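This briefing walks through one protein model, from a single side chain out to the whole chain. Please look at the sequence and the 3D view before reading on.

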Amino acid sequence: MIKRRNIALCIILSLVTCGIYGIYWFVCLTEDTKTAANVEGTSGIVAYLLSVITCNIYGLYWAYKQGEKIDIAKQNRNMPSSNSGVLYLILCLIFPVVAWALMQNELNNFAEE
């Protein structure tokens, strides 16, 4: 089951808690995306730890794979999909919160079904 989250509230909580809620949001994004696409993959906690250990190099890979998984979820629901992985990768290089917000928006669309 994918939980619908308020994107603005997630961003505000991430700022107010100095990024602690952002860690939780990152983990939830990973888990929800796996659920939506019905695929196996790295758990959210492991993905976060790998991002920290590799100075966010894994985080860029994670963003690209998130896009692929969201595209798979769209295809499974007969929705038009694009190459979201490249978009998320570029956004994570510049401003990761925007990429997370876009991912959450797609997941919210899946949660409404």
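Lysine 34 is buried, because its relative accessible area is 13%, and the cut-off for buried is under 20%. The model is a predicted one.

**Lysine 34 and its partner**

- Lysine 34 belongs to helix α2, which spans residues 20-37.
- Which residue forms a salt bridge with lysine 34? The partner is glutamate 31, and the closest N and O atoms of the two are 3.5 Å apart.
- Both residues of this pair, lysine 34 and glutamate 31, sit in helix α2. They are three residues apart, about one turn of the helix.
- Glutamate 31 has a relative accessibility of 28%, so it counts as partly exposed, whereas lysine 34 is buried at 13%.
- Leaving aside residues up to four places away in sequence, lysine 34 touches Val39, Glu40, Gly41, Thr42, Ser43 and Lys69.

**Other salt bridges**

- The count of salt bridges comes to four; the one between lysine 34 and glutamate 31 has been described above.
- Glutamate 68 and lysine 65 form another salt bridge, with their closest N and O atoms 2.8 Å apart.
- Glutamate 68 and lysine 65 both lie in helix α4, three residues apart, which is about one turn of the helix.
- Glutamate 68 counts as partly exposed because its relative accessible area is 27%. Lysine 65 is also partly exposed, at 28% relative accessibility.
- A further salt bridge joins the side chains of glutamate 106 and lysine 74, at 3.5 Å from N to O. This pair links distant parts of the chain: glutamate 106 is in helix α6 and lysine 74 is in helix α4, 32 residues apart.
- Are glutamate 106 and lysine 74 buried or exposed? Both glutamate 106 and lysine 74 are buried.

**Helix α3 and its two sides**

- Helix α3 covers residues 44-53, and its buried residues are Gly44, Ala47 and Ser51. They lie on the same side of α3, because they cover an arc of only 65 degrees around the axis.
- What do the buried residues of α3 pack against? They pack against α2 and against α4, the helix of residues 57-76.
- Ile45 and Ile53 are exposed residues on the face of α3 that is turned away from its buried side.
- Cysteine 55 follows α3 and has a positive phi, near 55 degrees.

**A nonpolar patch on the surface**

- Eight names make up a nonpolar surface patch: Val86, Leu87, Ile90, Leu93, Ile94, Phe95, Val98 and Leu102. Together these residues have about 730 Å² of accessible area.
- Helices α5 (84-94) and α6 (96-111) each supply at least two residues of the patch.
- Which helix gives the most to the nonpolar patch? Helix α5 does, with five residues.
- Leucine 93, one of the patch residues, lies in helix α5.
- Leucine 93 is exposed because its relative accessible area is 59%, and the cut-off for exposed is over 50%.

**The protein as a whole**

- How many helices and strands does the protein have? The secondary structure comes to six helices and zero strands.
- Along the sequence, the pattern reads α-α-α-α-α-α.
- Taken along the principal axes, the C-alpha atoms fill a box of roughly 40 × 25 × 25 Å.
- Of the 113 residues, 39% count as buried.
- Among contacts between residues at least 6 apart in sequence, 58% join residues at least 24 apart.
- The protein exposes about 6400 Å², and carbon and sulfur atoms supply 67% of that area.

Note on methods. Residues numbered from 1 in each chain as written. Predicted model: local features only at pLDDT ≥ 70, side-chain atom pairs only at ≥ 80, totals over all residues. Heavy atoms only, no water. Helix = DSSP H or I, 4+ residues; strand = E, 2+ residues; numbered from the N terminus. Contact = heavy atoms within 4.5 Å. Buried < 20%, exposed > 50% of the residue type's maximum accessible area, 1.4 Å probe, protein only. Arc of directions from axis to C-beta. Patch = residues over 30% accessible without salt bridge, like charges linked within 9 Å, V, L, I, M, F, W, Y side chains within 5 Å. Areas by Shrake-Rupley, 256 points an atom, 1.4 Å probe, with all protein chains shown as cover.
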